[in-house]
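Below are some notes on the model, point by point. Please read them with the coordinates open.

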Amino acid sequence: MTTPTKPEHPIIVVYAPIGRDGPATAELLRRSGMDAVVCHGVDEVLQRAETDAAAVFIAEEGLFGHDLKSLSDWVDHQPTWSDFPFVVLTSKHQQPAVAAWRQRMVAALRNVSLLERPVQSITLTSAIQAAVRGRLRQYEVRALIEAREKASQELEALVVERTSELEKTNLELRTQMAERAHIEETLRQTQKIEAIGQLTGGIAHDFNNLLMVISGGLDMLDRRADPERRKRLMDGMRQAAQRGSALTRQLLAFSRRQSLAPEPVDLAQRITQMRELLDRSLRGDVQVKQEFAPDLWPVEVDPGELELVILNLAVNARDAMPEGGNILLQARNAPDELVLGRRGDFVRLAVIDTGTGIPDEVRNRVFDPFFTTKEIGKGSGLGLAQVYGFARQSGGTVWIDSECGQGTSVVMLLPRSADLPSPIKDQPTADDAVNLSAGNVLLVDDDEEVAALVAEMLEHLGYQVTSAASAAAALGALANGRGIDIVFSDVMMPGGMNGLELAREIRTRNLDVPVLLTSGYAEAVKRSAETEGVQILAKPYRLEELAAALKTALERIEA
């Protein structure tokens, strides 16, 4: 089927092959102002309907005896916008056969208006005019559909064009992002190299000083017979070892890899009990004042690390007041604070001094490890780094408010504890441990010097010591049926089996012997050890800490 064009002057096709109905009807339509043509066959009617006809007038007797299928097929294959109008002049015959045929005709033509003879001229012309108006409306619908399709195609072309532009822009943006990422990575590498240089330099300086005290003291110890001088040397070496231990704790705290044991802590009580320590650490011209809210909440922190933080901040405040001054320890509740993306209740702890303040150019670097404005040998640059690591690892935050000549405030937000603090217990002493802890210890360590020192410490605590240089040797000693009450092993050892694997093997063999492990970097195996139910004692440790750890391990197996 061809697409008909909208006629400038609508044409009505007339098909009435019997008598003068055809010419008479065409003449009537012309007198009414319409163009009419007379056709002499169904095929001619359909050809004009496909080209320039706006409506068709048919006398039904012209269709009698003809197959309606060609008409039905033509009607069915019209475009979606088209519904061609037919006006059919019927007779008065109402016989069943005629009525049935008329029903089939109406179904085949679909858009049909029936006029029964005799029909008045005004009725005929009005029916034809109505059919023509309907057809012209269909042409308007076709125009709207074509306009919509054209607009859709234009929009699709615009979308394709804009998509291409967006893809090009995105490609340029991705290229810029890649270049920026490369520049940022280069900058990070540069900063990392600078930080590593600063870190290694600071560590080398501090630990070389500590090692100098220890190695020089050991060298001089054999050259001094005077008990007082030997005691001074021993005290100096002991203090150097303690400083080395504190230095590693500060490093781990800054990197947030220090193993913390948070518990409910009463800040007012804990800091009050530190006053004697603070007074010993500060000069006589530095006065410490406390200002705690009466309804202060407990905090969930590691009490030992908290004390180290307070001491570090107090010493920094002291050094910032060379001519003396005041340090205010202030704490109050801070409800509904947003910290590290989490909203909750915190306690605001501030250490405020009246010192010289911090210049703007260094304020953003004070939490960097080994960054210090003090003279060489006067500070490691790890004090504030430890404060930063402690606050973040505890689930809080820390910042500094300072102006030159106006003093400094170091402010921490520490998480509120939902539980009440337990009473502070005194740490057991080594002498107490001698009476409370006695038995046979299997000491496993591949370092002969460390093993000899630890064996002496164990013997001082009242234990009998059996030494093994590897995990395999330790399992052999246990298999020989020796009376071993506890295995004390280093984590890192040669021979293919470390201390944690040794503990696992002892459990697998059902030897029913408790295991206590020790490591210079306990955090590295902490999670695995907790899974195995094995306690870890971090190096370096004091005699009292060793005694307490052994006692806890033995009591756990007895329970």
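1. Arg 270 and Glu 307 form a salt bridge, with their closest N and O atoms 3.2 Å apart. The term salt bridge is used here for a side-chain nitrogen of Lys or Arg within 4 Å of a carboxyl oxygen of Asp or Glu. The pair links distant parts of the chain, since Arg 270 belongs to helix 7 (residues 267-273) and Glu 307 to helix 9 (residues 303-319), 37 residues apart. Helices (H or I, at least four residues) and strands (E, at least two) are DSSP runs numbered from the N terminus. Arg 270 is buried, with a relative accessible area of 13%, whereas Glu 307 is partly exposed at 25%. Buried means under 20% relative accessible area, exposed over 50%, and partly exposed in between, with a 1.4 Å probe and protein chains only.

2. A remark on the basis of these values. This is a predicted model, in which local features need pLDDT of at least 70 and side-chain atom pairs count only at pLDDT 80 or more, while totals for chains, interfaces and linings use all residues. Residues are numbered from 1 along each chain as its sequence is written, and side-chain values use heavy atoms, with hydrogens and water left out.

3. How many salt bridges does the rule give? The count comes to 17 salt bridges. Side chains of opposite charge can pair when their charged atoms come close. One of the pairs is Asp 21 with Arg 117, where the closest N and O atoms are 2.7 Å apart. This pair also links distant parts of the chain: Asp 21 is in helix 1 (residues 21-31), and Arg 117 is in the loop between strand 5 (112-116) and helix 5 (121-221), 96 residues apart. Asp 21 counts as partly exposed at 27% relative accessibility, and Arg 117 counts as partly exposed at 22%.

4. A further salt bridge is formed by Arg 509 and Glu 505, with the closest N and O atoms 2.9 Å apart. Arg 509 has 41% relative accessibility and counts as partly exposed; Glu 505, at 24%, counts as partly exposed.

5. A cis peptide bond joins Arg 117 and Pro 118, with omega about -15°. Pro 118 lies in the loop between strand 5 and helix 5. Most residues other than glycine have a negative phi, and most peptide bonds are trans.

6. Arg 110, although not a glycine, has a positive phi of about 70°. Arg 110 lies in the loop between helix 4 (96-109) and strand 5, and at 44% relative accessibility it counts as partly exposed. Leu 340 is not a glycine either, and has a positive phi of about 55°. Leu 340 sits in the loop between strand 9 (325-339) and strand 10 (342-353).

7. Helix 14 (residues 471-479) packs with helix 15 (residues 499-508) at an angle of about 25°, their axes being 10 Å apart. That makes helix 14 roughly parallel to helix 15. Axes are lines fitted to C-alpha atoms, for helices over the stretch in contact, and angles run from 0 to 180 degrees between N-to-C directions. Angles under 35 degrees count as roughly parallel, over 145 as roughly antiparallel, 65 to 115 as roughly perpendicular and the rest as oblique. Ala 471, Ala 474, Leu 475 and Leu 478 of helix 14 make the contact with Leu 502, Glu 505 and Ile 506 of helix 15, where contact means heavy atoms within 4.5 Å.

8. The axes of helix 2 (residues 42-51) and helix 3 (residues 69-76) come within 11 Å and cross at roughly 10°. Helix 2 is therefore roughly parallel to helix 3. Which residues meet in helix 2 and helix 3? Val 42, Leu 46, Ala 49 and Glu 50 in helix 2 meet Ser 70, Leu 71 and Trp 74 in helix 3.

9. Is Ser 409 buried or exposed? Ser 409 is buried, with a relative accessible area of 17%. Its place is in strand 12 (residues 407-415). Not counting residues up to four places away in sequence, Ser 409 touches Val 351, Ile 352, Trp 399, Ile 400 and Asp 401.
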